[in-house]
Amino acid sequence: MNQRELFLRHVGQTSDAPIALEIVRAEGCTLWDAHGKQYLDLIGGISVCNMGHRHPAVVAAAKEQLDAYLHVMVYGELIESPQVQYAASLSNYLPAALDTVFFTSSGTEATEGAMKLAKRYTGKPKIVAFDQSYHGSTQGALSVMGSEYWRNAFRPLLPGIVHLPHGVLEVLDAIDDQTACVIAEPIQAERGVVRPTNEWMHQLRNRCDEVGALLILDEIQTGMGRTGSLFAFQQTGIVPDIVLLGKAFGAGMPLGAFVAAREKMSVLTHDPVLGHISTFGGHPVCCAAGMAGFHALLASGCMDQVTYKSQLFKHRLRHSLIHEVRTAGLLMAVEFESWDINKRVIDRCIELGVFTDWFLFAQHCMRLAPPLIISEEEIAHACTIILQACDEIANA
Ligand code: PMP
């Protein structure tokens, strides 16, 4: 069997139609497949590779840590410098109320840990989440996922969860004194990049304060500079009680975190002791790599260029097939009439060496989330290819 056949035969699949390119190398904004074909990567591993693939500082930090130690003990018992340094460094860039980092290995584990923390801290049973939100695929995160289609096959799920429409002011009264937490994305990524009004974000914060519910903001996809600030919530003027991190937080290595005030986080240490534990959370190599990526992001000035680069895409991507380009910095959705058109454009782009994808809840939208380091030339090339694909499909 060749490699593709082995992949389809022995690797657990997530759909009947995987992209199934065999990638043998990745550097900056470029991927190479086993046939030597080159792809401009417009999705960066789904908002993971914000500083590009194999940023030299990330690779060097990981190698240095590989030479020191790998896993030595379950999370939380030993002083592991990569965790300590990353947590301390991150907290310098967060509001004072977000000073304690609990490391996990993925985004969904950050969601799980945060929901447990909110229940334990408030002693309340109810969780409020939003339609068309995505917070991960494990059962707790799935329970708050905003889609009946994906939830339904896996019942029973967590009880006590209420889903509300995102961005709607009138429904916030459903957050009541039985609510442990509200979990929301500051920008709904998988809905096709939909940003609520600032007023809504403030009303949401106020309502949580009124009833004593913790506000969890999921920055797993929007964080680490993606939308032009370190975190999207920093553009709103509100501060969450817990922030969720993942994806670009590990700079290409598996790492997540939930971040809260020390006073809140400390409840996980008692009644019960070891209230949330993980063998691999905050793996030293992942923390070393993640921190190098974080520092590279800060030093590069990339974040200051996010809005400009986003505008370059937006201005160039004008075509009769394109209804709208919604942007939150370099998280962008190119909206077509239908899934069918979107899929044909995406497939043609991939054939032409430009790698893109779609959104879970907006299958008529093309996902653009390139590494933040993408150059103006690469943006111009990407847009030329996307427009060429649109032309071909419009004229077919
Ligand atoms: N929250 C958001 C907003 C996400 O985009 C994702 C991943 N797509 C997750 C949570 C889950 O992260 P992970 O896949 O690392 O579990």
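E210 and R207 sit together in helix α8 (residues 198–211), three residues apart, which is about one turn of the helix. Helices here are DSSP runs of H or I with at least four residues, strands are runs of E with at least two, and both are numbered from the N terminus. The two side chains form a salt bridge, with their closest N and O atoms 2.7 Å apart. A salt bridge, by the way, is a side-chain nitrogen of Lys or Arg within 4 Å of a carboxyl oxygen of Asp or Glu. Side chains of opposite charge can pair when their charged atoms come close. E210 is exposed, at 58% relative accessible area, while R207 is buried, at 17%. Buried means under 20% relative accessible area, exposed means over 50%, and partly exposed is in between (1.4 Å probe, protein chains only).

A quick word on what you're looking at: this is a predicted model, where local features need pLDDT of at least 70 and side-chain atom pairs count only at pLDDT 80 or more, while totals for chains, interfaces and linings use all residues. Residues are numbered from 1 along each chain as its sequence is written, and side-chain values use heavy atoms, with hydrogens and water left out.

How many salt bridges does a search of the whole structure find? It turns up 17. One of them joins the side chains of R54 and E27, at 3.1 Å from N to O. R54 is in the loop between α2 (44–47) and α3 (56–68) and E27 is in strand β1 (residues 23–27), so this pair ties together parts that are 27 residues apart in sequence. R54 is partly exposed at 44% relative accessible area, and E27 is partly exposed too, at 30%.

Then there's E263 with K264, whose closest N and O atoms are 3.9 Å apart. E263 counts as partly exposed at 47% relative accessibility, whereas K264 counts as buried at 13%. Both belong to a network of salt bridges that links R205, D209, D241, E263 and K264.

**Around the ligand**

Which residues are around the ligand? They are S106, G107, T108, Y134, H135, G136, E185, D218, I220, Q221 and K247, where being near means having a heavy atom within 4 Å. This shell divides into two nonpolar, six polar and three charged residues. In that sorting, Ala, Val, Leu, Ile, Met, Phe, Trp, Tyr, Cys and Pro are nonpolar, Asp, Glu, Lys and Arg are charged, and the others, Gly among them, are polar.

Here are some polar contacts (pairs of N or O atoms within 3.5 Å):

| Residue | Its atom | Ligand atom | Distance |
|---|---|---|---|
| G107 | polar backbone atom | oxygen | 2.8 Å |
| Q221 | polar side-chain atom | oxygen | 2.7 Å |
| K247 | side-chain N or O | nitrogen | 3.2 Å |

Taken alone, the ligand exposes 400 Å², and the protein buries 81% of that. Those areas come from the Shrake-Rupley method with a 1.4 Å probe.

**Cysteines**

What about disulfides, meaning pairs of cysteine sulfur atoms within 2.5 Å? The whole structure has zero of them. For C49, the nearest cysteine sulfur is that of C29, 9.5 Å away. C383 is in no disulfide either, with the sulfur of C349 its nearest at 10 Å. C49 counts as buried at 10% relative accessibility, and C383 counts as buried at 1%.

Terms used
A disulfide is a pair of cysteine sulfur atoms within 2.5 Å. A polar contact is a pair of N or O atoms within 3.5 Å; within protein, one must be able to donate a hydrogen and the other to accept it, and residues adjacent in sequence count only if both atoms are side-chain atoms.
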